[in-house]
Amino acid sequence: MNRVTDFTLSREDLVYGSREMQSRSPEDRIPQSSTSPDIAYQMVRDETYPQTQPRLNLATFVTTYMEPQATRLMNEAIDINYIDETEYPRIAKMSAKCINILANLWHTPDQSKWKTGALAVGSSEACMLGGVAAWLRWREKRQAAGKPFDKPNFVISAGYQIVWEKFGQLWQIEMRTVPLSRTHKTLDPQSALSLCDENTICIVPIEGVTWTGLNDDVKALNDALDVYNQQTGYDIPIHVDAATGGFILPFLQPDQEWDFRLKWVLSISTSGHKFGLVYPGLGWVVWRDKSCLPGSMSFSVNYLGAEITQVGLNFSRPAAQVLGQYYQFIRLGFEGYKDIQSSSMDTTIYLHDQIGRMAPFENYSDEVVNPLFIWSLKPEYAERSHWTLYDLQSKLQESGWMVPAYTLPADMEEEVVMRIVCKQGFSMDMAEMLLDDIRTAVSELEKLEYPTQTRLAQKNHQKISTKSFNHTGHTSSGKKH
Ligand SMILES: Cc1ncc(COP(=O)(O)O)c(C=O)c1O
(Lines give C-alpha, C1' and ligand atoms only; values in the text may rest on other atoms or scores of the structure.)
Protein backbone atom coordinates (compact mmCIF):
# COMPACT_ATOMS: atom_id res chain seq x y z
CA MET A 1 0.00 0.00 0.00
CA ASN A 2 1.38 3.39 -0.83
CA ARG A 3 1.31 6.16 1.74
CA VAL A 4 -1.56 8.02 0.14
CA THR A 5 -3.85 4.99 0.16
CA ASP A 6 -2.72 4.21 3.67
CA PHE A 7 -3.77 7.66 4.75
CA THR A 8 -7.17 7.66 3.08
CA LEU A 9 -7.98 4.23 4.44
CA SER A 10 -7.20 5.08 8.02
CA ARG A 11 -10.56 5.63 9.76
CA GLU A 12 -8.85 7.24 12.76
CA ASP A 13 -7.78 10.16 10.60
CA LEU A 14 -11.34 10.98 9.65
CA VAL A 15 -12.98 12.46 12.68
CA TYR A 16 -16.49 12.17 11.30
CA GLY A 17 -15.66 8.85 9.63
CA SER A 18 -14.60 7.32 12.93
CA ARG A 19 -16.58 4.74 14.88
CA GLU A 20 -16.53 7.00 17.94
CA MET A 21 -18.36 9.80 16.18
CA GLN A 22 -21.02 7.32 15.11
CA SER A 23 -21.70 6.31 18.71
CA ARG A 24 -23.05 8.15 21.76
CA SER A 25 -20.65 10.00 24.02
CA PRO A 26 -20.02 8.20 27.34
CA GLU A 27 -22.64 8.88 29.96
CA ASP A 28 -22.11 6.35 32.74
CA ARG A 29 -18.76 4.65 32.43
CA ILE A 30 -15.31 5.66 31.31
CA PRO A 31 -14.59 4.27 27.80
CA GLN A 32 -12.44 1.12 27.78
CA SER A 33 -9.86 2.42 25.33
CA SER A 34 -8.38 5.74 24.35
CA THR A 35 -9.29 7.76 21.30
CA SER A 36 -7.43 10.36 19.24
CA PRO A 37 -7.19 13.92 20.53
CA ASP A 38 -9.03 15.19 17.42
CA ILE A 39 -11.99 12.91 18.03
CA ALA A 40 -12.06 13.67 21.76
CA TYR A 41 -11.91 17.39 20.99
CA GLN A 42 -14.69 17.25 18.41
CA MET A 43 -16.94 15.10 20.54
CA VAL A 44 -16.73 17.44 23.51
CA ARG A 45 -16.98 20.52 21.34
CA ASP A 46 -20.02 19.21 19.50
CA GLU A 47 -21.81 18.48 22.74
CA THR A 48 -21.64 22.18 23.61
CA TYR A 49 -22.27 23.38 20.06
CA PRO A 50 -26.05 23.80 20.01
CA GLN A 51 -26.22 26.33 22.84
CA THR A 52 -26.56 30.09 23.07
CA GLN A 53 -23.59 32.06 21.83
CA PRO A 54 -22.22 33.62 25.04
CA ARG A 55 -22.38 37.15 23.63
CA LEU A 56 -26.07 36.72 22.83
CA ASN A 57 -26.64 35.67 26.42
CA LEU A 58 -28.18 38.82 27.85
CA ALA A 59 -29.18 36.95 31.01
CA THR A 60 -25.67 36.69 32.35
CA PHE A 61 -23.77 39.39 34.21
CA VAL A 62 -20.53 37.56 33.54
CA THR A 63 -17.92 38.63 30.98
CA THR A 64 -18.40 37.13 27.53
CA TYR A 65 -15.81 39.17 25.64
CA MET A 66 -12.15 39.91 26.26
CA GLU A 67 -9.51 41.12 23.84
CA PRO A 68 -7.37 38.47 22.11
CA GLN A 69 -4.27 39.63 24.04
CA ALA A 70 -6.08 39.14 27.36
CA THR A 71 -7.35 35.75 26.25
CA ARG A 72 -3.83 34.75 25.21
CA LEU A 73 -2.42 35.88 28.53
CA MET A 74 -5.02 33.89 30.43
CA ASN A 75 -4.53 30.80 28.27
CA GLU A 76 -0.79 30.99 28.86
CA ALA A 77 -1.44 30.88 32.61
CA ILE A 78 -3.94 28.03 32.45
CA ASP A 79 -1.48 25.62 34.09
CA ILE A 80 -0.87 27.79 37.14
CA ASN A 81 -2.44 26.99 40.49
CA TYR A 82 -2.86 30.21 42.41
CA ILE A 83 -2.35 28.59 45.79
CA ASP A 84 1.26 27.67 44.97
CA GLU A 85 2.44 31.06 46.11
CA THR A 86 5.96 29.84 46.83
CA GLU A 87 6.36 28.73 43.23
CA TYR A 88 4.46 31.67 41.74
CA PRO A 89 5.08 34.52 44.15
CA ARG A 90 4.65 37.14 41.47
CA ILE A 91 1.04 36.14 40.89
CA ALA A 92 0.32 36.43 44.62
CA LYS A 93 1.81 39.89 44.49
CA MET A 94 -0.21 40.73 41.37
CA SER A 95 -3.36 39.73 43.23
CA ALA A 96 -2.33 41.99 46.14
CA LYS A 97 -1.83 44.82 43.65
CA CYS A 98 -5.37 44.26 42.30
CA ILE A 99 -6.69 44.41 45.88
CA ASN A 100 -4.81 47.69 46.42
CA ILE A 101 -6.27 49.13 43.22
CA LEU A 102 -9.81 48.14 44.21
CA ALA A 103 -9.38 49.37 47.78
CA ASN A 104 -8.29 52.76 46.45
CA LEU A 105 -11.10 52.88 43.88
CA TRP A 106 -13.43 52.31 46.84
CA HIS A 107 -11.77 55.07 48.89
CA THR A 108 -10.15 52.99 51.59
CA PRO A 109 -8.91 55.03 54.55
CA ASP A 110 -6.21 52.35 55.06
CA GLN A 111 -2.77 53.88 54.75
CA SER A 112 -0.83 50.61 54.79
CA LYS A 113 1.11 49.66 51.69
CA TRP A 114 -0.81 46.42 51.23
CA LYS A 115 -4.56 46.66 51.75
CA THR A 116 -6.58 43.88 53.33
CA GLY A 117 -8.59 41.80 50.90
CA ALA A 118 -8.93 38.44 49.23
CA LEU A 119 -9.20 36.89 45.84
CA ALA A 120 -12.29 34.71 45.31
CA VAL A 121 -13.80 32.46 42.67
CA GLY A 122 -16.68 34.89 42.28
CA SER A 123 -18.88 37.19 44.29
CA SER A 124 -20.37 34.19 46.09
CA GLU A 125 -17.09 33.28 47.76
CA ALA A 126 -16.32 36.97 48.30
CA CYS A 127 -19.73 37.55 49.98
CA MET A 128 -19.20 34.49 52.17
CA LEU A 129 -15.82 35.79 53.30
CA GLY A 130 -17.25 39.23 54.09
CA GLY A 131 -20.14 37.61 55.97
CA VAL A 132 -17.95 35.18 57.90
CA ALA A 133 -15.63 38.01 58.97
CA ALA A 134 -18.63 40.01 60.25
CA TRP A 135 -19.89 36.97 62.14
CA LEU A 136 -16.50 36.19 63.74
CA ARG A 137 -15.94 39.82 64.74
CA TRP A 138 -19.37 39.88 66.39
CA ARG A 139 -18.73 36.52 68.08
CA GLU A 140 -15.35 37.54 69.45
CA LYS A 141 -16.86 40.68 70.98
CA ARG A 142 -19.78 38.78 72.48
CA GLN A 143 -17.44 36.16 73.89
CA ALA A 144 -15.17 38.80 75.39
CA ALA A 145 -18.20 40.47 77.01
CA GLY A 146 -19.41 37.14 78.39
CA LYS A 147 -22.64 37.38 76.35
CA PRO A 148 -24.34 34.56 74.44
CA PHE A 149 -23.25 34.20 70.83
CA ASP A 150 -25.47 31.40 69.58
CA LYS A 151 -28.16 33.37 67.71
CA PRO A 152 -26.50 35.57 65.10
CA ASN A 153 -28.56 37.21 62.36
CA PHE A 154 -28.01 39.51 59.40
CA VAL A 155 -30.35 41.88 57.57
CA ILE A 156 -30.76 42.21 53.78
CA SER A 157 -33.52 43.11 51.31
CA ALA A 158 -35.73 40.41 49.77
CA GLY A 159 -33.84 41.18 46.55
CA TYR A 160 -30.84 39.23 47.82
CA GLN A 161 -28.93 36.89 45.53
CA ILE A 162 -29.07 33.23 46.54
CA VAL A 163 -25.53 33.33 47.98
CA TRP A 164 -26.92 35.06 51.06
CA GLU A 165 -29.41 32.29 51.67
CA LYS A 166 -26.53 29.83 51.35
CA PHE A 167 -24.47 31.91 53.76
CA GLY A 168 -27.29 31.84 56.31
CA GLN A 169 -27.83 28.12 55.97
CA LEU A 170 -24.21 26.99 55.84
CA TRP A 171 -23.15 28.99 58.89
CA GLN A 172 -26.53 28.85 60.61
CA ILE A 173 -26.98 32.60 60.70
CA GLU A 174 -30.57 33.79 60.58
CA MET A 175 -31.36 35.85 57.47
CA ARG A 176 -33.84 38.65 58.14
CA THR A 177 -35.29 40.15 54.96
CA VAL A 178 -36.79 43.55 54.32
CA PRO A 179 -39.63 43.19 51.79
CA LEU A 180 -39.48 45.05 48.49
CA SER A 181 -42.53 46.60 46.86
CA ARG A 182 -43.51 48.92 44.03
CA THR A 183 -43.16 51.81 46.51
CA HIS A 184 -39.98 50.50 48.16
CA LYS A 185 -38.01 49.16 45.22
CA THR A 186 -34.76 49.08 47.22
CA LEU A 187 -33.77 48.43 50.83
CA ASP A 188 -35.64 50.77 53.18
CA PRO A 189 -33.13 51.81 55.90
CA GLN A 190 -35.70 52.23 58.67
CA SER A 191 -37.26 48.85 57.93
CA ALA A 192 -33.78 47.31 57.96
CA LEU A 193 -33.05 48.84 61.37
CA SER A 194 -36.35 47.62 62.75
CA LEU A 195 -35.08 44.05 62.15
CA CYS A 196 -31.77 44.62 63.97
CA ASP A 197 -30.88 43.70 67.52
CA GLU A 198 -27.81 42.90 69.61
CA ASN A 199 -27.33 39.68 67.60
CA THR A 200 -27.13 41.39 64.20
CA ILE A 201 -23.71 40.74 62.69
CA CYS A 202 -24.18 43.13 59.74
CA ILE A 203 -26.59 44.71 57.27
CA VAL A 204 -25.99 43.91 53.59
CA PRO A 205 -27.06 46.55 51.06
CA ILE A 206 -26.68 45.56 47.40
CA GLU A 207 -25.24 47.73 44.64
CA GLY A 208 -26.76 46.25 41.51
CA VAL A 209 -29.67 44.19 42.79
CA THR A 210 -29.72 41.03 40.67
CA TRP A 211 -33.50 41.07 40.19
CA THR A 212 -33.93 44.73 39.25
CA GLY A 213 -30.55 46.34 38.54
CA LEU A 214 -31.21 49.04 41.14
CA ASN A 215 -28.88 50.18 43.94
CA ASP A 216 -29.68 50.19 47.64
CA ASP A 217 -28.97 53.61 49.16
CA VAL A 218 -25.90 52.80 51.26
CA LYS A 219 -25.40 56.41 52.34
CA ALA A 220 -28.94 56.68 53.74
CA LEU A 221 -28.50 53.33 55.47
CA ASN A 222 -25.13 54.35 56.91
CA ASP A 223 -26.54 57.62 58.27
CA ALA A 224 -29.57 55.95 59.82
CA LEU A 225 -27.37 53.20 61.24
CA ASP A 226 -25.01 55.76 62.75
CA VAL A 227 -27.87 57.24 64.78
CA TYR A 228 -29.19 53.77 65.64
CA ASN A 229 -25.80 52.49 66.80
CA GLN A 230 -25.34 55.57 68.98
CA GLN A 231 -28.78 55.15 70.54
CA THR A 232 -28.48 51.43 71.18
CA GLY A 233 -24.77 51.17 71.94
CA TYR A 234 -24.44 48.48 69.23
CA ASP A 235 -21.83 48.66 66.53
CA ILE A 236 -23.59 46.92 63.66
CA PRO A 237 -21.50 47.25 60.49
CA ILE A 238 -22.30 47.16 56.76
CA HIS A 239 -21.02 44.70 54.19
CA VAL A 240 -21.77 45.99 50.67
CA ASP A 241 -22.56 43.31 48.09
CA ALA A 242 -21.30 45.24 45.07
CA ALA A 243 -21.16 42.27 42.70
CA THR A 244 -22.13 44.60 39.86
CA GLY A 245 -21.84 48.12 41.30
CA GLY A 246 -18.28 47.70 42.56
CA PHE A 247 -17.00 48.13 39.04
CA ILE A 248 -19.66 50.59 37.86
CA LEU A 249 -19.99 53.23 40.59
CA PRO A 250 -16.29 54.24 40.80
CA PHE A 251 -16.25 55.02 37.08
CA LEU A 252 -19.73 56.35 36.41
CA GLN A 253 -20.84 57.82 39.75
CA PRO A 254 -17.56 58.83 41.40
CA ASP A 255 -19.28 61.29 43.75
CA GLN A 256 -21.83 58.83 45.05
CA GLU A 257 -20.88 57.68 48.53
CA TRP A 258 -21.52 53.98 48.90
CA ASP A 259 -18.06 52.67 49.84
CA PHE A 260 -15.37 53.11 52.50
CA ARG A 261 -16.12 56.85 52.59
CA LEU A 262 -19.00 55.74 54.83
CA LYS A 263 -18.12 55.05 58.45
CA TRP A 264 -19.97 51.76 58.93
CA VAL A 265 -18.89 50.09 55.67
CA LEU A 266 -16.31 47.58 56.86
CA SER A 267 -16.19 45.30 53.82
CA ILE A 268 -17.14 45.27 50.14
CA SER A 269 -17.32 42.37 47.69
CA THR A 270 -17.47 42.43 43.90
CA SER A 271 -17.22 40.19 40.86
CA GLY A 272 -14.05 40.60 38.81
CA HIS A 273 -15.82 38.44 36.25
CA LYS A 274 -18.81 40.75 35.86
CA PHE A 275 -18.08 44.41 35.17
CA GLY A 276 -14.46 43.84 36.23
CA LEU A 277 -14.38 42.58 32.62
CA VAL A 278 -12.58 39.27 33.22
CA TYR A 279 -13.74 35.82 32.12
CA PRO A 280 -15.17 33.64 34.96
CA GLY A 281 -14.43 32.97 37.81
CA LEU A 282 -13.11 35.87 39.74
CA GLY A 283 -14.33 37.79 42.77
CA TRP A 284 -12.80 40.18 45.26
CA VAL A 285 -13.48 41.19 48.83
CA VAL A 286 -11.81 44.12 50.55
CA TRP A 287 -11.95 45.09 54.21
CA ARG A 288 -11.70 48.61 55.56
CA ASP A 289 -8.41 47.75 57.24
CA LYS A 290 -6.62 44.83 58.81
CA SER A 291 -8.53 45.11 62.09
CA CYS A 292 -11.77 44.13 60.28
CA LEU A 293 -10.42 40.75 59.21
CA PRO A 294 -10.39 38.30 62.13
CA GLY A 295 -6.99 36.70 62.59
CA SER A 296 -8.58 33.24 62.54
CA MET A 297 -9.51 33.72 58.87
CA SER A 298 -6.18 34.84 57.55
CA PHE A 299 -2.50 34.12 57.42
CA SER A 300 0.19 36.38 56.15
CA VAL A 301 3.07 35.56 53.87
CA ASN A 302 6.02 37.68 52.91
CA TYR A 303 7.40 37.25 49.39
CA LEU A 304 9.36 39.74 47.35
CA GLY A 305 9.19 42.21 50.20
CA ALA A 306 5.38 42.18 50.09
CA GLU A 307 3.21 41.50 53.09
CA ILE A 308 0.40 39.43 51.58
CA THR A 309 -2.67 38.36 53.52
CA GLN A 310 -4.21 35.14 52.30
CA VAL A 311 -7.83 34.26 52.95
CA GLY A 312 -10.23 31.99 51.09
CA LEU A 313 -12.73 29.16 51.15
CA ASN A 314 -11.01 27.33 48.30
CA PHE A 315 -7.45 26.12 48.39
CA SER A 316 -6.42 25.41 44.77
CA ARG A 317 -7.80 27.86 42.27
CA PRO A 318 -6.94 29.16 38.80
CA ALA A 319 -4.44 32.00 38.59
CA ALA A 320 -5.27 33.03 35.02
CA GLN A 321 -8.08 35.35 36.13
CA VAL A 322 -5.66 37.40 38.22
CA LEU A 323 -3.56 37.99 35.11
CA GLY A 324 -6.74 38.89 33.24
CA GLN A 325 -7.75 41.42 35.91
CA TYR A 326 -4.34 43.01 36.10
CA TYR A 327 -4.22 43.17 32.29
CA GLN A 328 -7.54 45.04 32.27
CA PHE A 329 -6.33 47.52 34.90
CA ILE A 330 -3.19 48.26 32.87
CA ARG A 331 -4.83 48.11 29.45
CA LEU A 332 -7.91 50.20 30.23
CA GLY A 333 -6.90 52.45 33.07
CA PHE A 334 -9.57 54.56 34.75
CA GLU A 335 -10.55 56.25 31.49
CA GLY A 336 -10.84 52.98 29.59
CA TYR A 337 -13.07 51.40 32.23
CA LYS A 338 -15.15 54.55 32.24
CA ASP A 339 -15.53 54.44 28.44
CA ILE A 340 -16.54 50.79 28.39
CA GLN A 341 -18.97 51.07 31.30
CA SER A 342 -20.42 54.27 29.76
CA SER A 343 -20.94 52.48 26.44
CA SER A 344 -22.75 49.64 28.20
CA MET A 345 -24.86 52.21 30.06
CA ASP A 346 -25.66 54.11 26.82
CA THR A 347 -26.83 50.88 25.20
CA THR A 348 -28.89 50.06 28.29
CA ILE A 349 -30.50 53.50 28.41
CA TYR A 350 -31.30 53.29 24.71
CA LEU A 351 -32.91 49.85 25.06
CA HIS A 352 -34.76 50.98 28.20
CA ASP A 353 -36.17 53.92 26.27
CA GLN A 354 -37.09 51.92 23.16
CA ILE A 355 -38.68 49.05 25.06
CA GLY A 356 -40.55 51.51 27.28
CA ARG A 357 -42.09 53.01 24.12
CA MET A 358 -43.40 49.68 22.80
CA ALA A 359 -47.16 49.39 23.34
CA PRO A 360 -47.17 46.15 25.39
CA PHE A 361 -44.41 47.10 27.83
CA GLU A 362 -43.64 49.28 30.80
CA ASN A 363 -40.29 49.65 32.52
CA TYR A 364 -40.07 48.70 36.18
CA SER A 365 -38.18 51.86 37.06
CA ASP A 366 -37.43 55.15 35.31
CA GLU A 367 -33.95 54.94 36.79
CA VAL A 368 -31.14 53.08 35.02
CA VAL A 369 -28.20 53.03 37.42
CA ASN A 370 -26.39 49.91 36.24
CA PRO A 371 -26.09 48.41 32.76
CA LEU A 372 -29.23 46.34 33.19
CA PHE A 373 -32.95 46.91 33.56
CA ILE A 374 -36.23 45.03 33.81
CA TRP A 375 -39.63 45.56 32.28
CA SER A 376 -43.02 43.91 32.33
CA LEU A 377 -46.23 43.76 30.32
CA LYS A 378 -48.59 46.65 31.09
CA PRO A 379 -51.30 45.22 33.38
CA GLU A 380 -54.13 46.16 30.99
CA TYR A 381 -52.23 44.64 28.06
CA ALA A 382 -51.35 41.48 30.00
CA GLU A 383 -55.01 41.07 30.95
CA ARG A 384 -56.24 40.78 27.36
CA SER A 385 -53.17 39.26 25.68
CA HIS A 386 -52.79 35.63 24.63
CA TRP A 387 -49.13 35.50 25.54
CA THR A 388 -46.67 36.16 28.36
CA LEU A 389 -43.08 37.26 28.67
CA TYR A 390 -42.11 33.58 28.90
CA ASP A 391 -43.39 33.21 25.33
CA LEU A 392 -41.39 36.23 24.25
CA GLN A 393 -38.33 34.65 25.85
CA SER A 394 -38.87 31.48 23.78
CA LYS A 395 -39.41 33.49 20.59
CA LEU A 396 -36.20 35.43 21.12
CA GLN A 397 -34.35 32.19 21.75
CA GLU A 398 -35.27 31.18 18.20
CA SER A 399 -33.07 34.07 17.01
CA GLY A 400 -30.28 33.07 19.39
CA TRP A 401 -30.94 35.65 22.15
CA MET A 402 -31.23 34.69 25.78
CA VAL A 403 -33.41 37.30 27.47
CA PRO A 404 -34.80 35.81 30.68
CA ALA A 405 -38.36 36.18 31.97
CA TYR A 406 -38.86 35.50 35.67
CA THR A 407 -40.95 36.48 38.66
CA LEU A 408 -39.83 39.02 41.24
CA PRO A 409 -38.79 37.93 44.77
CA ALA A 410 -40.92 37.42 47.88
CA ASP A 411 -44.10 39.52 48.14
CA MET A 412 -43.87 40.43 44.44
CA GLU A 413 -43.94 36.90 43.02
CA GLU A 414 -46.98 37.70 40.91
CA GLU A 415 -44.97 40.11 38.78
CA VAL A 416 -43.36 38.62 35.69
CA VAL A 417 -40.48 40.68 34.34
CA MET A 418 -37.85 40.44 31.66
CA ARG A 419 -34.26 41.56 32.04
CA ILE A 420 -31.40 42.64 29.80
CA VAL A 421 -27.81 42.97 31.01
CA CYS A 422 -25.63 44.96 28.57
CA LYS A 423 -21.95 44.10 28.69
CA GLN A 424 -18.80 44.73 26.73
CA GLY A 425 -19.27 42.87 23.43
CA PHE A 426 -22.91 43.93 23.02
CA SER A 427 -22.79 46.85 20.62
CA MET A 428 -25.45 49.41 19.73
CA ASP A 429 -25.83 47.62 16.40
CA MET A 430 -26.56 44.36 18.19
CA ALA A 431 -29.04 46.24 20.38
CA GLU A 432 -30.84 47.39 17.22
CA MET A 433 -30.94 43.80 15.98
CA LEU A 434 -32.40 42.71 19.29
CA LEU A 435 -35.05 45.44 19.16
CA ASP A 436 -36.02 44.32 15.64
CA ASP A 437 -36.30 40.75 16.87
CA ILE A 438 -38.43 41.86 19.82
CA ARG A 439 -40.75 43.82 17.51
CA THR A 440 -41.07 40.87 15.13
CA ALA A 441 -41.69 38.46 17.98
CA VAL A 442 -44.36 40.72 19.49
CA SER A 443 -46.17 41.13 16.19
CA GLU A 444 -46.18 37.34 15.72
CA LEU A 445 -47.41 36.77 19.27
CA GLU A 446 -50.13 39.35 18.78
CA LYS A 447 -51.53 37.29 15.91
CA LEU A 448 -52.23 34.34 18.20
CA GLU A 449 -55.88 33.39 18.25
CA TYR A 450 -55.66 31.26 21.38
CA PRO A 451 -53.76 31.67 24.65
CA THR A 452 -50.40 30.00 25.02
CA GLN A 453 -49.68 27.37 27.68
CA THR A 454 -47.97 29.91 29.90
CA ARG A 455 -50.86 32.34 29.55
CA LEU A 456 -53.33 29.63 30.53
CA ALA A 457 -51.15 28.65 33.48
CA GLN A 458 -50.94 32.27 34.55
CA LYS A 459 -54.73 32.69 34.34
CA ASN A 460 -55.15 29.60 36.50
CA HIS A 461 -52.55 30.88 38.98
CA GLN A 462 -50.33 27.89 38.33
CA LYS A 463 -46.58 28.12 38.77
CA ILE A 464 -44.61 28.37 35.55
CA SER A 465 -41.19 26.78 35.29
CA THR A 466 -38.99 28.00 32.50
CA LYS A 467 -35.51 27.01 31.56
CA SER A 468 -34.02 30.45 31.95
CA PHE A 469 -31.20 31.06 34.36
CA ASN A 470 -31.28 34.62 35.59
CA HIS A 471 -28.45 34.70 38.14
CA THR A 472 -30.73 35.42 41.07
CA GLY A 473 -30.39 31.74 41.95
CA HIS A 474 -34.16 31.19 41.65
CA THR A 475 -36.18 29.78 38.79
CA SER A 476 -39.08 31.83 37.56
CA SER A 477 -41.46 29.57 39.43
CA GLY A 478 -39.97 30.88 42.63
CA LYS A 479 -38.08 27.68 43.40
CA LYS A 480 -34.40 27.49 44.13
CA HIS A 481 -32.02 26.33 41.37
C1 LIG B 1 -25.81 40.94 43.95
C2 LIG B 1 -25.11 39.64 43.68
N3 LIG B 1 -24.42 39.05 44.67
C4 LIG B 1 -23.78 37.89 44.49
C5 LIG B 1 -23.81 37.24 43.27
C6 LIG B 1 -23.06 35.95 43.09
O7 LIG B 1 -22.02 36.21 42.21
P8 LIG B 1 -21.11 35.13 41.50
O9 LIG B 1 -21.91 34.59 40.38
O10 LIG B 1 -19.95 35.96 41.04
O11 LIG B 1 -20.72 34.11 42.53
C12 LIG B 1 -24.51 37.82 42.19
C13 LIG B 1 -24.59 37.15 40.88
O14 LIG B 1 -25.21 37.56 39.96
C15 LIG B 1 -25.18 39.06 42.40
O16 LIG B 1 -25.84 39.66 41.42
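I began with the ligand and sorted its shell: five residues are nonpolar, 10 polar and one charged. My classes put Ala, Val, Leu, Ile, Met, Phe, Trp, Tyr, Cys and Pro under nonpolar, Asp, Glu, Lys and Arg under charged, and the others, Gly among them, under polar.

A note on the source: this is a predicted model, where local features need pLDDT of at least 70, side-chain atom pairs count only at pLDDT 80 or more, and totals for chains, interfaces and linings use all residues. Residues are numbered from 1 along each chain as its sequence is written.

Next I listed the neighbours. The ligand is surrounded by 16 residues (C-beta atom, placed from the backbone, within 6 Å of it), and the closest are Gly122, Ser123, Ser124, Thr210 and Ala243.

Then I looked up serine 298, in the loop between strands E7 (283-287) and E8 (299-303). Its C-alpha atom is 8.1 Å from that of glycine 312, 14 residues apart along the chain.

Last, I turned to the domains: domain 1 covers 72-328 and domain 2 covers 341-459, with bounds from an automatic or database domain assignment. Their centres, taken over C-alpha atoms, are 32 Å apart.

Terms used:
Helices (H or I, at least four residues) and strands (E, at least two) are DSSP runs, numbered from the N terminus.
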